[in-house]
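I opened this notebook to record what I looked up in the structure, topic by topic. The entries follow the order in which I consulted the model.

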Amino acid sequence: MSEEKKQVSRRDFIKIAGLAAAAVQAGGMIAGGIAEGKDSESYTGWESFNAGTQSFNRKPFEVEYPNFHPVAEVRRPSHLTDYVFGRVGVLEGAMEANPTWTIADPIEDLGVPPPLVAFYNKFPERLEWDYKTFKETIPNNRVDRQKYGAYSILADVYESGWGAISPPSPAGPPEVSDFQISGRGGPGPLREEPYKFKSSALAAEFVKNLAHMYGATLVGITKANIDWMYGDSWRGTEDGYDHSKMPSHWKYAVCVGVPMEWDVLLGNPQLGTSSDAYHRVSMAAYRLEHALKHMGYASRASTPRNGYDLICPPYMVDAGVGEHCRAGYVITPEVGSNFRTAVILTNLEMEMDKPIEFGVKDFCEKCKICAEQCPSGAISMADSYEGLEIRGYEHWYINNGACYNFWRESMGPMGCRLCVANCPYSRKDNWMHGLSKQLDSRDPTGITSSSLLWMQKTFFEHPEAIDYRRVEEGGQFASYRPEPFYLHVEDYLDMDVTPLPYYNKGE
């Protein structure tokens, strides 16, 4: 248990618990918590992109037509003339082919296409500006960058990551692909001399801030560990590659996480999806990989969209992102178990984070909600993980065969994620759940966790485990909570719809 939790004495905590109990009685904490849980402002980990973010009432300001209308013959825009990047690209090539040409000469003598000749003759001021771009602006910018360019190095690094939007799987072994930057012209080498940070602490601070700006909600840094790497088939490697030791540049692991959309999550197992978080965490990780390479450091991202060379949960634990839980993954203080992960291996020296303990192990030992709700029985009901050994380590683990079997049975997007949806830690960021997390993580008596579990099991309705199964097996294709708006097919599509049995009950 953490030192912070141990610092609260039993006597002091009983006083705190007494105040909390009074607040429950006086304020209707349970009813308040239900209301708070429905508030989109409490979505944790990323801005809500649902329709509620458009708050201005546009109805009183509607007009029949926009304020622009044609007053002459309409001409459609052209990439060659109206699109400035296309236009100046053609002009640059023509000026390079005709180095003696000046703006005082006829535009017809430059050899640009006839439509561009007509455009410049009609808009001579555009030619003046485009000519100035190559004769004055660009040369001046080269001088300025030579003199002041160091000030924009990290801005260039930040900008470079945003261009990395399609994570490819490494095309070669780590010793090759980790040292190449992907670009339009194909992979290119890293900088010969990496940018040097003033300290490992500042390097970690910069990388974490960058990861957050690229879309990561959770970030932690730890040391690369051969025990957490797959024993074969690292991406880009061929038969005969030595997987018994890590490449020398795999020194540090940057662990990032992004939550799944909160309302869709509760529609599991039939009606939810992981795709939103899979894509967002993959893009965040790939952008960070690209930025690290832009600074001259080797890096390799393992993500849901371009594959893994490692297993993420132990890295997340080592990096202090969260604690290992009964269901086999990691629970965090911020978003509980509702997140998807990626890991970026690099040789940039950074200050590392330490593992944390905030009560998950003790909570999981008494909770068992995920195991009780699991339709496949894949999650252990053991009171503790003592004696549960896998790959040489003692911890809870799931029967992944049984788990995957139910994946293929469930309706809607393939998967389940029910254990994430019903985990008591997977809660939004509101006053009730914030208070609960603060109290439980500092409670040496176990009163808080027992009370929270009693409330969840007593006041929050949910299907039984059998209800999630197929109708032919005694189930009803149930989901943990009602489906999100986009799955109300009968409301949107003009077609006959046979609702899933669970929703025929009107629940």
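Entry 1, terms and overall make-up. I take buried to mean under 20% relative accessible area, exposed to mean over 50%, and partly exposed to mean in between. I note at the outset that the model is predicted. I looked up the secondary structure and found 20 helices and 10 strands in the protein chain. Of the 507 residues in the protein chain, 42% are buried. I then turned to contacts between residues at least 6 apart in sequence, and 73% of these join residues at least 24 apart.

I asked at what angle the axes of H7 and H9 cross. Helix H7 covers residues 153–162 and helix H9 covers residues 200–213; their axes come within 11 Å and cross at roughly 40 degrees. H7 is therefore oblique to H9, as angles from 65 to 115 degrees count as roughly perpendicular and those under 35 as roughly parallel. I recorded the crossing of H7 and H9 as right-handed. On the H7 side the contact is made by Leu154, Val157, Tyr158 and Trp162, and on the H9 side by Phe206, Leu210 and Met213. Sorted by class, this contact has 7 nonpolar residues and no polar or charged ones.

How many aromatic pairs does the structure hold? I found 15. One of them joins Phe197 and Phe206, with 5.8 Å centre to centre and 45 degrees between the planes, a tilted arrangement. Phe206 also belongs to the H9 side of the contact with H7. I checked the accessibility of both partners. Phe197 has a relative accessible area of 25% and is therefore partly exposed. Phe206, at 17%, is buried.

I next looked up Trp228 and Tyr393. Their ring centres are 4.9 Å apart and their planes stand at 50 degrees, so this pair is tilted. Trp228 lies in the loop between strand E3 (218–223) and strand E4 (252–258), and Tyr393 lies in strand E10 (residues 393–394), so the pair ties together parts that are 165 residues apart in sequence. Trp228 is buried, with 11% relative accessibility, whereas Tyr393 is partly exposed at 36%. I also noted one aromatic cluster formed by Phe119, Tyr120 and Phe123.

H4 spans residues 84–97 and H5 spans residues 114–122; the axes come within 12 Å and cross at roughly 105 degrees. By class, the contact has 5 nonpolar residues, no polar ones and 1 charged one.

Is Ser177 buried or exposed? It has 8% relative accessibility, so I recorded Ser177 as buried. Ser177 is found in helix H8 (residues 174–177). Leaving aside residues up to four places away in sequence, Ser177 touches Pro170, Ala171, Gly172, Lys293 and Arg300. I also looked up the separation of Ser177 from Pro189: they are 12 residues apart in sequence, and 9.3 Å apart in space from C-alpha to C-alpha.

Most residues other than glycine have a negative phi, and most peptide bonds are trans. A cis peptide bond joins Asn268 and Pro269, with omega at about 5 degrees. Pro269 lies in the loop between helix H10 (262–265) and helix H11 (275–294).

Ser233 is not a glycine, yet it has a positive phi of about 60 degrees. I placed Ser233 in the loop between E3 and E4; Trp228 is in that loop as well. Ser233 is exposed, with a relative accessible area of 56%. Arg391, also not a glycine, has a positive phi of about 50 degrees. Arg391 is in the loop between strand E9 (389–390) and E10. With 61% relative accessibility, Arg391 counts as exposed.

Notes:
Residues are numbered from 1 along each chain as its sequence is written. This is a predicted model: local features need pLDDT of at least 70, side-chain atom pairs count only at pLDDT 80 or more; totals for chains, interfaces and linings use all residues. Side-chain values use heavy atoms; hydrogens and water are left out. Axes are lines fitted to C-alpha atoms, for helices over the stretch in contact, and angles run from 0 to 180 degrees between N-to-C directions. Helices (H or I, at least four residues) and strands (E, at least two) are DSSP runs, numbered from the N terminus. Angles under 35 degrees count as roughly parallel, over 145 as roughly antiparallel, 65 to 115 as roughly perpendicular and the rest as oblique. A crossing is left-handed if the near helix is turned anticlockwise from the far one by less than a right angle, and right-handed if clockwise. Contact means heavy atoms within 4.5 Å. Ala, Val, Leu, Ile, Met, Phe, Trp, Tyr, Cys and Pro count as nonpolar, Asp, Glu, Lys and Arg as charged, and the others, Gly among them, as polar. Rings of Phe, Tyr and Trp (its six-membered ring) pair if their centres lie within 6.5 Å; planes under 30 degrees apart count as stacked, over 60 as edge-to-face and the rest as tilted. Buried means under 20% relative accessible area, exposed over 50%, partly exposed in between (1.4 Å probe, protein chains only).
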